[in-house]
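Colleague: I'd like to learn how to read the pockets in a model like this one. Could you walk me through it?

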Amino acid sequence: MTNSPANATSAQRPETPFCIVVLSGPSGSGKTTIVSRLEAESPVPLVKSVSATTRAPRKHEVDGQDYYFLAPEEFEQRRARGEFLEYAEVFRTGCWYGTLKSELDRARKQSAWALLEIDVEGAQNVMQQYPDALTIFLTTPSVDEFERRLRARGTEEEHVIQRRLETARRELEFANRYQHQVVNDNLDRAIAEIKSIFDNKLRECCEHA
Ligand code: 5GP
């Protein structure tokens, strides 16, 4: 094994250069599962950014852990104060989602990379501000497969499913703007591919640090 930054032990490893990782993909592409696995298995310390949203919490969602659940007025005040790195109205439901700049600081303080699981619109915004960000679009083999997974989840009503499928078709059109497209045809394979993308990015960052 060569002594590259990516496979050095934590004792040998120099300070990890900071990086923003953007992960997008339509509902049903398996983002949530992939994010939890990456938090545990990433070759680089990773902090998942907790987004702010105006949507209501779902059952079992915890404020400050799954999202910062904000009233629309507070979201707007914080947006006006410039506290967001990016924000977007997702799924045209009137619900706003955004990444607080303080989440990047939280990751930096832990010498970790910040993982942003955000929609395509927010991602475009981050790409413009941070051209060095690592961008990954997660997809499944087909829209039919999205539909099957979305229905299997059983958390959404029919009209919400229809709107999310429409959004999925629109989001797929953005896929080629990301540096990497990973097909989640098999969870372990997709995780391995993303870990290898991280290793390569870490090597690249260390070479330029
Ligand atoms: P959900 O309501 O199912 O938790 O999330 C809906 C969508 O909002 C997901 O596609 C997710 O990527 C997106 N999203 C979550 N947080 C953010 C954020 O901070 N910014 C943007 N632009 N989109 C987000």
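This is a predicted model: local features need pLDDT of at least 70, side-chain atom pairs count only at pLDDT 80 or more; totals for chains, interfaces and linings use all residues.

Colleague: Which residues line the second largest pocket?

Modeller: Phe 18, Cys 19, Ile 20, Tyr 130, Asp 132, Ala 133, Lys 201, Glu 204, Cys 205, His 208 and Ala 209. Helix α7 (residues 187–208) gives the largest share of that lining, four residues. The space in there is about 220 Å³.

Colleague: How does one find such space in general?

Modeller: Rolling a probe the size of a water molecule over the atoms shows where empty space is left. Here, the largest pocket holds about 1300 Å³. It has 42 lining residues, and Thr 32, Arg 58, Glu 61, Tyr 67 and Glu 117 are the closest to its centre.

Colleague: What classes of residue make up the lining of the largest pocket?

Modeller: Nine are nonpolar, 16 polar and 17 charged.

Colleague: And which element supplies the largest share of that lining?

Modeller: That's α1, with six residues. At least two residues each come from α1 (31–41), β5 (84–89), β6 (96–100), α5 (143–153) and α6 (158–172).

Colleague: How many helices and strands does the whole chain have?

Modeller: Seven helices and nine strands. The radius of gyration is 17 Å, close to the 17 Å from the globule rule for 209 residues, so the chain is as compact as a globular protein of that length. As for burial, 47% of the 209 residues count as buried.

How values were computed. Residues are numbered from 1 along each chain as its sequence is written. Side-chain values use heavy atoms; hydrogens and water are left out. On a 1 Å grid over the protein atoms alone, a cavity is a set of points where a 1.4 Å probe fits but cannot get out, and a pocket is an open set with protein on both sides within 12 Å along at least five of seven lines; lining residues have an atom within 4 Å of a point. Grid points are joined across faces, edges and corners, and a volume is the space filled by probe spheres set on the points. Ala, Val, Leu, Ile, Met, Phe, Trp, Tyr, Cys and Pro count as nonpolar, Asp, Glu, Lys and Arg as charged, and the others, Gly among them, as polar. The radius of gyration is taken over C-alpha atoms; the globule rule is 2.2 Å times the number of residues to the power 0.38. Buried means under 20% relative accessible area, exposed over 50%, partly exposed in between (1.4 Å probe, protein chains only).
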